[in-house]
Amino acid sequence: MIWPDTETAVDLREKFANTLFDEVASPWHKSFARVPRHVFVPRFYEQQADASWAAVNWGDEGYLERIYSDEALTTQLDAGGVPTSSSSQPSVMAMMLEALDVRTGHRVLEIGTGTGYNLALLCDQLGDKELASVEPDVDIVQAAVRRLEQTGQRPVVFAGDGMQGYPARAPYDRIIATVGLTHIPPALLEQGSQFGTRIVAPLGYGIISLTVKGPELAHGSFLPIPAFFMSVRGPANVPDFASVHEAPSEPSSVAPHEVLDRLKFALSIALPGYTTCSWKDDDGRLEAVGIWTPDGSAAIAQASGQVRQAGPRRVWDAVEEASRVLPEQIEREDFELTITPAGQLVTYGGVDGPSWHLPVPPR
Ligand SMILES: C[S@@+](CC[C@H](N)C(=O)[O-])C[C@H]1O[C@@H](n2cnc3c(N)ncnc32)[C@H](O)[C@@H]1O
């Protein structure tokens, strides 16, 4: 079915583009005003107060207003009700596309096709000939290809693991990931041209903008915006709290709520792929916070000031360390990523500042 582009949709889209950009002169303003997001998101899911999900479909009351608003929209859920695909928040997409700095003739690779909307915006700027996108979910690939065809675009959409890039079309001048990463996959560095390729990607709870400087060499800093992208698909990350309960209780120098707010971004760099949960009393006061990482390490910190931790890495030590070395207020742009053959290192406030190695899994 072809979703009609009604006068209302055109009008809402124009207003939507105006809210995303201070300057209508931005070439991306035109693309956001032209590309119909509703074609790519004919249905999205909205979480209810009881945590269940309700579908909002094309034609439902308020559907178009939600489509043309600055909202990330969940478009796929797994059997357990966990979101597995979405159309990202438009203002974040806009900042990432601007940071990508594309020019006519650039060959671009996108990781995480999802609905195809971001790819359609790129096609609107560059035409579809030089664009490729990778997505592991075959159903999502098929739907995206169908919708791109409706808007007259035929970029290459490949069903595969974006962590391997898409070597068939390399080298790329620009690479954009729209799925959360914990490091920059070496395959993406290899598939850039050796000098000047720009890579823009969600890394932890931020967006990194990197420039390739040579073989296995790249450098860049984080954009000033927060970003919470869904992670690359992988095995479920379940905390081993049973081992934590058996571990000795020790005093903590960090209040548990710091993990949930002030240190949130920094910990996404210091403890890649970390997850948290919290326990509250009947009056809603925080009692404890749990934190765990994909390697099986976990900790529970009580509001009383005691912590227990277990597993291969003492995760709470990393929390205390981040709290000690970072100032009260941090600017994301002051975090930089340097990639060399020796590894991937994030530094804060210059080369002499605190630093964290991003773990790069063996290939
Ligand atoms: C936030 S959505 C992408 C949004 C998309 N660019 C759009 O405009 O709709 C993230 C997507 O990344 C995909 N994904 C997950 N793991 C991936 C991987 N290893 N390689 C490539 N894509 C992946 C998910 O299936 C999901 O569709």
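Some ground rules. Residues are numbered from 1 along each chain as its sequence is written, and because the model is predicted, local features need pLDDT of at least 70 and side-chain atom pairs count only at pLDDT 80 or more, while totals for chains, interfaces and linings use all residues. Side-chain values use heavy atoms, with hydrogens and water left out.

Two strands pair if DSSP finds at least two bridges between them.

I begin with the domains, whose bounds come from an automatic or database domain assignment. That assignment gives domain 1 as 7-222 and domain 2 as 241-325. Their C-alpha centres lie 33 Å apart. Six residues from domain 1 and seven residues from domain 2 make the contact between them, where contact means heavy atoms within 4.5 Å.

Now the ten-stranded sheet. It is open, its pairing is mixed, and the order is β7-β6-β5-β8-β9-β10-β11-β17-β18-β19. Which strands stand at the edges? They are β7 (156-159) and β19 (355-358), and each has a single partner strand, so one side of each has no neighbour in the sheet. On average, neighbouring strands here are turned by 20° against each other, direction ignored.

Two helices pack on this sheet. Axes are lines fitted to C-alpha atoms, for helices over the stretch in contact, and angles run from 0 to 180 degrees between N-to-C directions. Helix α5 (residues 90-100) touches β5, β8, β9 and β10, and its direction makes about 150° with that of β9. Helix α6 (residues 117-126) touches β5, β6, β7 and β8, at about 170° to the direction of β6.

Let me stay with β8. Strand β8 runs parallel to β5, with four bridges joining the two. One of the bridge pairs there is I111 with A177 of β8. Strands β8 and β9 are also parallel, joined by three bridges, and I176 has V200 in β9 as its bridge partner. In a regular strand the side chains alternate between the two faces of the sheet. In β8, R174 and I176 point one way, I175 and A177 point the other way, and all are buried. Buried means under 20% relative accessible area, exposed over 50%, and partly exposed in between, with a 1.4 Å probe and protein chains only.

The T115 side chain reaches the backbone nitrogen of Y117 at 3.1 Å. That is a polar contact: a pair of N or O atoms within 3.5 Å where, within protein, one must be able to donate a hydrogen and the other to accept it, and residues adjacent in sequence count only if both atoms are side-chain atoms.

At the other end of the sheet, β18 (residues 343-348) and β19 run antiparallel, joined by four bridges. Q344 is found in β18, and its bridge partner in β19 is L358. Is Q344 buried or exposed? It counts as buried, at 4% relative accessibility. A polar atom of the Q344 side chain lies 2.8 Å from the backbone oxygen of I184. Leaving out residues up to four places away in sequence, Q344 touches several others, including H183, W356 and V360.

By contrast, P362, in the segment after β19, is exposed, with a relative accessible area of 81%. P362 and P186 are 176 residues apart in sequence, yet 9.9 Å apart in space, C-alpha to C-alpha.

Next, the five-stranded sheet. It is open, with antiparallel pairing, in the order β12-β16-β15-β14-β13. Its edges are β12 (250-251) and β13 (275-280), each with a single partner strand, so one side of each is left without a neighbour in the sheet. Four bridges join β15 to β16, and I300 stands opposite R308 in β16.

Last, helix α12 (residues 315-325). Its buried residues are V315, W316, A318, V319, A322 and S323. An α-helix has 3.6 residues a turn, so residues three or four places apart point the same way. The cover over the buried residues of α12 includes α10, α11, β14, β15 and β16.
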